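I opened my notebook to record what I looked up in this model, entry by entry.

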Amino acid sequence: MASLSAQQLAANRGRLFKDRAARYGVTLGGIMVLVALLLIFFYLLYVVQPIFESVSLKEEQSFSLPNSDDVEALGMEEQAEIGYRLMKSGKFEFFALADKSIVKRKAGDIIDSKEVVSDDKITSFASTLPVNKQYAYGLNDGTAMVVQPKFKVSFAEDPQTGALERTITPRVEVLNNGEPLVVDESGQALEKLAYESDGDTMMFAAVQGGNNLLITKYAAEENFMTGETTLKPVFHKVTLNGTIDDLIVTPDLRQVMARRGNRIHVFDVGISGQVTERELMLVNAREQGNATGLYLLAGASSILVTHDTGLVTQWFQVATDEGRQYQYIRSFDAGSPVKDIEVEYYRRTFYTVSENGQLGIFYTTSEADLYRGNPLETGVEHVMVDPRANYLIMQSGNRFSVFDIKNEHPEVTWSAMWQEVWYEGYPEPDYTWQSTSGSDDFESKYSLVPIAFGTIKAAAYAMLFAVPIGLAAAVYTAYFMSPSVRKYVKPTVEIMEALPTVILGFLAGLWLAPIIERYLPGLIAVLLLVPAAIILTAFLWSRLPSHIRNTVTDGRAALLLIPVVLLVGWFSFGLSPWVEEVLFDGNVRGYLTNELGITFDQRNSLVVGIAMGFAVIPTIFSIAEDAVFSVPKHLSNGSLALGATPWQTLTKVVLLTASPGIFSAVMMGLGRAVGETMIVLMATGNTPIMDWNIFEGMRTLSANIAVEMPESEVGSSHYRILFLAAFVLFIFTFFFNTIAEFVRQRLRDKYSSM
Amino acid sequence: MNKWFKSGKPWIWLTAGSVSVSLIAVVGLVLMIGWRGLSFFWPSAIHEMSIEQADGSTRTLIGEIYESESVPTSRVSDAGTIMDGYEGEKVTRYLMKIGNREYVPLDFAWVLGPAIRADETPAGLAVIERTKDGNFYGYPVAIEQQGERVATQGNLREELFQRMERAVELNEKAMALQEGEIGAINYELTQLNLQRRGLELSGSLTEEAINDIEQRREQLQSQYLEYEKELFALRDKAGRDSLIMRDMRGEEIKVPMYQVLDVNFPNDMGFFAKLGHFFQQIGKFVSEPPREANTEGGVFPAIFGTVFMVLLMSIIVAPFGVIAAVYLHEYAGKNAVTKLIRIAVINLAGVPSIVYGVFGLGFFVYMVGGSLDQIFYPEALPNPTFGTPGVLWSAVTLAILTLPVVIVATEEGLSRIPPTLREGSLSLGATKWETIWRIVLPMASPAIMTGLILAVARAAGEVAPLMLVGVVKSAPMLPVDGNFPYFHLDRKFMHLGFHIYDVGFQSPNVEAARPLVYATSFLLITIIVGLNLTAIGVRNHLREKYRSLEH
């Protein structure tokens, strides 16, 4: 007996254990739903978050090199393994930036050193934009030497591990076979020099005698007999009335700029070398301070001017009535006067070195003040960034430091996404979305405003269409329709919700859009005539003798109206060509464009409104119908018993009671309209424009993601911004859905208490 | 009148009108897609028309009438002499599909009604479905066997069908060889490469292993050569015959028999022959792969991909959905966590599907898939195995998307089970879990089924997220085949919904592809509406059943 109960107990213990395990398992499963939602939320946030991170600098290496007060310029190759410096004395030195065991290199070791020009001849120095990586020494006999560092990458096997290791061997090349190029025909010393090259052609701008501007262009000419190329110079000289302080040459070799105090002269250079003065830019010295330097930004569309107040101003060409002219765009405050600016290779980031040794990092387009401070204890004298913008070298006295710089998304700031931004080449600040282009130095434009606007526009037109129909249909179905009809009508409308939106989008784009284009007057006639015809039918019906009238009560009016609506619709569309002929001279599109100045796209907001409206109607219908139907019957019966008409009961009692439910239906509908992708993708032209015009398209957040996500590079700013767009959608619908759900919950509690 | 307005009747009728509009929209939409989709399979007559051209000359057109519309005469007044003497206010325009793509600049032509001088439908006209360049319209003249004419008018049709069947059969054999045996060899060769790289990475690539692999490779290669020989022989055989056709320009054109898929004489068909042909065409549509950049042929891979993905998704979503619903209905107390979970369910249902796509791409494909590749498939890197969009990730993503559907439906089912049943079970000594497992869940199984069906219907129609996580316009390899491990969850797949988007909007020849899009849409709608109706039916049945139990 005892053993039996012990057995039972053991069996029960097993059962109880199972029960408890199941409880925990099921609870865990339930909580997984919450986890899934949170996972989506936090994952999106996790991907988005880096674009708002500020710049961080971390010192990787530090070493000292002798004679560093002699440095003219610094440079770095792509892998950031080897750096180089050009000395004022004409020496070119390569040094290691990182330890490399395979070639027994330690950071700070001088790898190669070569004197390219002798010290006593040098009078000036120039460097190209970092992308072109060439340097020129101006000499005292009117000539210039152009040098260029070259790097050879080879792979060698590591003797210990056997793995292939990359080694980079540097060498310096003096262009024109080591011979200097004549810049000044008269052989005078070059006091200031600017130099650029676009492969075959080279251009120098130099100052001689204080106010003479020399522009010398070398074009490569091929001797078609021998196949040898020779460099043919074209000389030009302009005399300005005043000492020239700064010179720059644009890398397309079409412009030369010379700064004379607060005046900047811009010269155009023709293909064959002729020079014309284009314009004179005046720096506003009173507001920004006196100009102290002139630099080109990456992409060479913008110039940067430094001022003695510590400001840096950005200028670029803007289309005006007198052609394209340079204009002051914006300014950055570096704190104290800037003595040197280095620009990045491809992006619009620039690095300033101030008089007081501070380093500043700025991004022009987003007006971002990314970093200001002194990473070295002593003041920074020179700074240089590598081509991939991952490392910085800074020099302070004899000390060189390599910094790892984290600045992945300088172009994205909150203000750049949501405010008007003045992009290079644009006539004015604007909201622009243009994420990709073919060229490397293209500036991506990430304003979310036009696509957010497109989303709202699409949703608004859809709601305009769906709310009246959806709610009216819901009210009728729930309150007036006879139960036998309702049994079929409700599932039929709800089936609509199950229709794949890709089919609605396909019909909207390929079937509806051409029809609307052809029968626009017909569509407008439908909107006017159908309600009129319905009221007329109702009126005529009420006049009919009662025995006919009673065969179709109000509860079946919807069925009676189907042929009426069909007939009127057919009539309206049949009327369309005639109306078009009479009122619009046979061409509504032409009339809209020419007379009213309204742009008409075939795939426009009207099409989207109708198609997406049909996608939203069932959502609104279903929830609103439930809300109206579940209004307790004793309320409406009481009202009717007190003598109110059915319509009065509906508007004064039923709708008021059900209003929270109706509100939640509209919210749910809005949530669906905002996130709908396929319909918008297929039924609009997907152009990110900002215009309420119903006959133009739009681009929505969701369609934008669908179009651009597959080709965006993982981890790029573009990728993260698309995630941000998804995050915005998520938050938006989360907000509406949660409100709707709360309202519905309260309504349910209210009904249960009634 | 005024009194009538005050009674509110007109407004009631207006609300009734909006119901009518909604009904017309739903039913009209389905009917239109059905009509357009199905009429694509019905053999239409081939017309031979003699058309007057703008310069007064006439030319012959042979083809199907694809579309007709009536336009105001004023719009076509620039058509020249054709319209002289035409008085009507409107004129009918026909869009003719004239096929023969490689011989005419455009395979569609607009014809004005008044320009038609003669219009006949001769019984001898044939339409040839070809593997390349679309349909061919014309009169069969003769059959050539290796350059010699072997059949002319008398026995032409018989010979034609006989030889066509032979060619089709040979083609099918060649195709089976190519996709079966040769495909398997290619697959094995890739696997060998991966194996070698895997050994290399783990540092155990010995001479012996290399020899082994090389030996195997050679073996496969020699096998391959044999099959290739066989394949070429089959192709040679199939290339024996060709068909000589006279086209609308009156020229004789040679159509190689191996290009011919089917020959029909629609003008010579009776109603039942047409009906037979209709069903035959539908059968081909659902069972054949697409041709000519998806603008012709069938949609079999898309159906297969959709079904496979949806099944995979069901396997994932069913347990999670049911457990969550059981928790919410049977275990959850009235506390904040429960409220939060309910809000999560509502929100999961409301979050736009594209957001799931973005999440799936970032989290599943790049993060989870990327890590899987690092751990399990280092030999294939840098080519991703699971770190790229594929059918598994699509299924997982859609599983989260449809989770709320299953939860809501299951919970509804659970709430319909009378509490007396649970109480009875508990009072007889069963634990809560036993009650749920033995009593509640079996009774709720139709509701779970309903939820799954609805989830499948939703997943089958969803396109936006799939565009990011695994769907492609053309997947040459199905995710299931005869090569071990048979299920290739890393592969990309085709999907009916995406097929509609792709063919309708990205296709090089939208006009020719449009009927196909309607047909695909009809197929998809049939599946989805069918699934939904089944779900509704199951639900209603369930309601009735439990209503009777409550007494």
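Before I could read the helix figures, I needed to settle what counts as a helix: here helices are DSSP runs of type H or I with at least four residues, and strands are runs of E with at least two. I also noted at the outset that this is a predicted model.

**Entry on chain B.** With that definition in hand I looked at residues 299-328 of chain B, where the span is 97% helix and 0% strand, and the end C-alpha atoms lie 41 Å apart. I then turned to residues 12-35 of chain B, which are 100% helix and 0% strand, with 34 Å between the end C-alpha atoms. Both spans are among those that an unreviewed UniProt entry annotates as "transmembrane region", a list that also includes residues 340-368 and 516-538 of chain B.

**Entry on chain A, annotated spans.** I checked the record for chain A as well, and the unreviewed UniProt entry gives "transmembrane region" for several spans, including residues 21-46, 557-579 and 719-740. In the model, residues 21-46 of chain A come out as 100% helix and 0% strand, the end C-alpha atoms being 34 Å apart. For residues 557-579 of chain A I found 100% helix and 0% strand again, with the end C-alpha atoms 31 Å apart.

**Entry on the domains of chain A.** Which residues make up the assigned domains of chain A? I read domain 1 as 283-445, and domain 2 as two pieces, 449-517 and 603-753. The C-alpha centres of these two domains of chain A are 46 Å apart, and 8 residues of domain 1 are in contact with 10 residues of domain 2. On the domain 1 side of that contact, I listed 4 nonpolar residues, 3 polar and 1 charged.

**Entry on the strands around β8 of chain A.** Which strands pair with β8(A), and in what sense? I began with β7(A), residues 135-139, which runs antiparallel to β8(A), residues 143-157, and is joined to it by 4 bridges; within this pair, A:Ala136 has A:Val146 as its bridge partner. The hairpin of β7(A) and β8(A) has 3 residues between the strands, and there A:Gly142 takes a positive phi near 80 degrees.

Next I followed β8(A) to β9(A), residues 164-174, where the pairing is antiparallel over 11 bridges, and A:Pro149 is partnered with A:Val172. Last, I noted that β10(A), residues 181-182, also pairs with β8(A) in the antiparallel sense, over 2 bridges, with A:Val182 as the bridge partner of A:Thr143.

Conventions. Residues are numbered from 1 along each chain as its sequence is written. Chains are lettered from A and ligands numbered from 1 in the order in which they are written. This is a predicted model: local features need pLDDT of at least 70, side-chain atom pairs count only at pLDDT 80 or more; totals for chains, interfaces and linings use all residues. UniProt positions are given in the numbering used here, feature names are shortened, and annotations may be inferred rather than shown by experiment. Domain bounds come from an automatic or database domain assignment. Two residues are in contact if their C-beta atoms, placed from the backbone, lie within 7 Å. Ala, Val, Leu, Ile, Met, Phe, Trp, Tyr, Cys and Pro count as nonpolar, Asp, Glu, Lys and Arg as charged, and the others, Gly among them, as polar. Two strands pair if DSSP finds at least two bridges between them.
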